[in-house]
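Here is a short briefing to read beside the sequence and the structure.

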Amino acid sequence: MSQAATSLSDSTPQAIRGAFLDFVDDPFYVAASESVRYIPDGLLVFQQGKVLAFGAYQDLHSNYGAIEVTQYSGKLMVPGFIDLHVHYPQTEMIAAYGAQLMEWLETYTFPTEAKFKDADYARKIASFFLDELLRNGTTTALVLPTIFPQSVQVLFEEAQRRNMRIIAGQVLMSRNAPDSLLNDAETAYGQTKEQIQTWHGNGRSLYAITPRFAITSTAEELALAGKLKREFPDVYVHTHMSENLKEIELTAKLFPDCKDYLNVYEQFGLVGDRSVFAHCIHIDDSAFQRLSEAGAAIAFCPTSNLFLGSGLFKLGQAKSSQYPVKVGLATDVGGGTSFSQLQTMSDAYKVAQLQGESLSVFKAFYLATLGAAKALALEDKLGSFDVGKEADFIVLDLQATPLMALRNPVPHAESLDQLAEKAFAMMILGDDRSIVATYVAGNLASIPT
Ligand code: GUN
Ligand code: ZN
């Protein structure tokens, strides 16, 4: 079990020395030389969970000479990964064979999620899930629990024990699923309201109104979700959209008056600058434009999109300069096949390749750090080493396996070009074995092995 943060290490300033990579701007729009911040010999000073100072070691060390410094030689420090869309109850059914979305939900997903009525069981899996995130260097995630309030409560409780910034909300489902996973829309409205009041802004926890997708909600339920969003404008909206062709066909039948899938959510006031839509694979120019204008975000889930045969996300179009849409990287476990954001970047690269585009290592890391923080409107708190931000960061090993050591015989990079080459090989070959340490609000997470 992870240890709760100790107050001693919180109040005493600490420092880390080594190579640091983060972003000061978006590398999709601004050249790497201006958007990437790489400090080959840097110093990060933090206290009470926040960054106190950050810069070149030679510029800072005289000011912080009395502080004990932990040195990570030959390693690379980056901000903690953010997973913009993941299902904790699906942890135990990852890698389920042979089905595409609708059949996969019926055969594997719904029966598994029904088990989360049992709070003890839900806590056991929530605990495993959060440790698995940390083991993979993910310090923040936007998470779907289930329809059961107790599955939400145990997730937030376990996240708070680890001091992790987790965003989640009770999954709203009122039709087109087994009876064991259906809730009455009014009841769910009341439960969600109570949970928002309990959890939103409680410690590092934040709340997301979470209709599963248009198919499993009645119009009444989506209207109540919209009402909640009006009552609590600073909570998130989190759902799925346009992932699979059969799903889109059924959605059109269920909502015949809506001109497209996005319009279903628009009609109910669910599309705004704190809305995150997972997938958005089969959407047209108009939907991209409307998402851009609303300031909404897309969770790009490449391992899931490949595994479930859903299709290829048009990252290039989403990041166009005419109608830019905020995009963050997401695992979507258990549709996704790995908790590792390195593995997810590796598949994102391949999804881009299949469409004649190349995703640079810097763009990929941006999508899992500052880009995802922006998608959550949390860039003032997360996603880079800027002074005042929360000290969530990880230590990466570019030589984590014999093959990676052969590929990267010298782990340290002096220039941005050298770093791009070495870090790219790590992103393609790496996984949880590359995560040497995960710091959550300045505390080294202790993760069960
Ligand atoms: N759409 C509705 N529910 C789900 C889910 O659990 N996983 C994925 N990938 N898509 C969904
Ligand atoms: Zn999902």
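The sulfur of Cys258 has its closest cysteine sulfur in Cys280, 16 Å away, which is too far for a bond. The model is predicted. Across the whole structure, a search finds zero disulfides.

**Cysteines**

- A disulfide is a covalent bond between the sulfur atoms of two cysteines.
- The cut-off for a disulfide is a pair of cysteine sulfur atoms within 2.5 Å. Cys258 does not reach it, because its closest cysteine sulfur, in Cys280, is 16 Å off.
- Cys280 has its own closest cysteine sulfur in Cys301, at 9.1 Å, and that is also too far for a bond.
- Cys258 counts as buried, at 16% relative accessibility.
- Cys280 is buried too, with a relative accessible area of 0%.

**Zinc site**

- Which residues hold the zinc ion (ligand 2) as protein donors? They are His85 (NE2), His87 (NE2), His240 (NE2) and Asp332 (OD).
- These donors lie 2.0 to 2.2 Å from the zinc ion (ligand 2).
- Along the sequence, the donor residues of the zinc ion (ligand 2) are spaced H-x1-H-x152-H-x91-D.
- His240 and Asp332 link distant parts of the chain, 92 residues apart. His240 sits in strand 10 (residues 236–241). Asp332 sits in the loop between strand 13 (326–329) and helix 14 (341–353).
- His240 is buried, with a relative accessible area of 5%. Asp332 counts as buried at 4% relative accessibility.

**Aromatic pairs and cluster**

- Phe116 and Tyr121 form an edge-to-face pair, at 5.5 Å centre to centre and 70° between the planes. Phe116 is buried, as is Tyr121.
- One aromatic cluster is made of Phe20, Phe46, Phe54, Phe385, Phe393 and Tyr439.

**Charges over rings**

- Arg17 lies over the face of Tyr57, 3.4 Å from the ring centre.
- Arg274 lies over the face of Tyr236, 5.5 Å from the ring centre.

**Strands 2 and 3**

- Strand 2 (residues 36–47) and strand 3 run antiparallel and are joined by six bridges.
- Leu43 stands opposite Gly55 in strand 3.
- The two strands form a hairpin with two residues between them. Gln48, in the turn, has a positive phi of about 45°.
- In a regular strand the side chains alternate between the two faces of the sheet.

**Ala252**

- Where is Ala252 placed? Its place is in helix 9 (residues 245–254).
- Ala252 is partly exposed, with a relative accessible area of 47%.
- Ala252 and Val264 are twelve residues apart in sequence. In space they are 9.1 Å apart, C-alpha to C-alpha.

Notes:
Residues are numbered from 1 along each chain as its sequence is written. Chains are lettered from A and ligands numbered from 1 in the order in which they are written. This is a predicted model: local features need pLDDT of at least 70, side-chain atom pairs count only at pLDDT 80 or more; totals for chains, interfaces and linings use all residues. Side-chain values use heavy atoms; hydrogens and water are left out. Rings of Phe, Tyr and Trp (its six-membered ring) pair if their centres lie within 6.5 Å; planes under 30 degrees apart count as stacked, over 60 as edge-to-face and the rest as tilted. Buried means under 20% relative accessible area, exposed over 50%, partly exposed in between (1.4 Å probe, protein chains only). A charge sits over a ring if NZ of Lys or CZ of Arg is within 6 Å of the ring centre and within 35 degrees of the ring normal. Donors are N, O and S atoms within 2.8 Å of the metal (3.2 Å for Na, K and Ca); water is not among the atoms, so sites may look incomplete. Helices (H or I, at least four residues) and strands (E, at least two) are DSSP runs, numbered from the N terminus. Two strands pair if DSSP finds at least two bridges between them.
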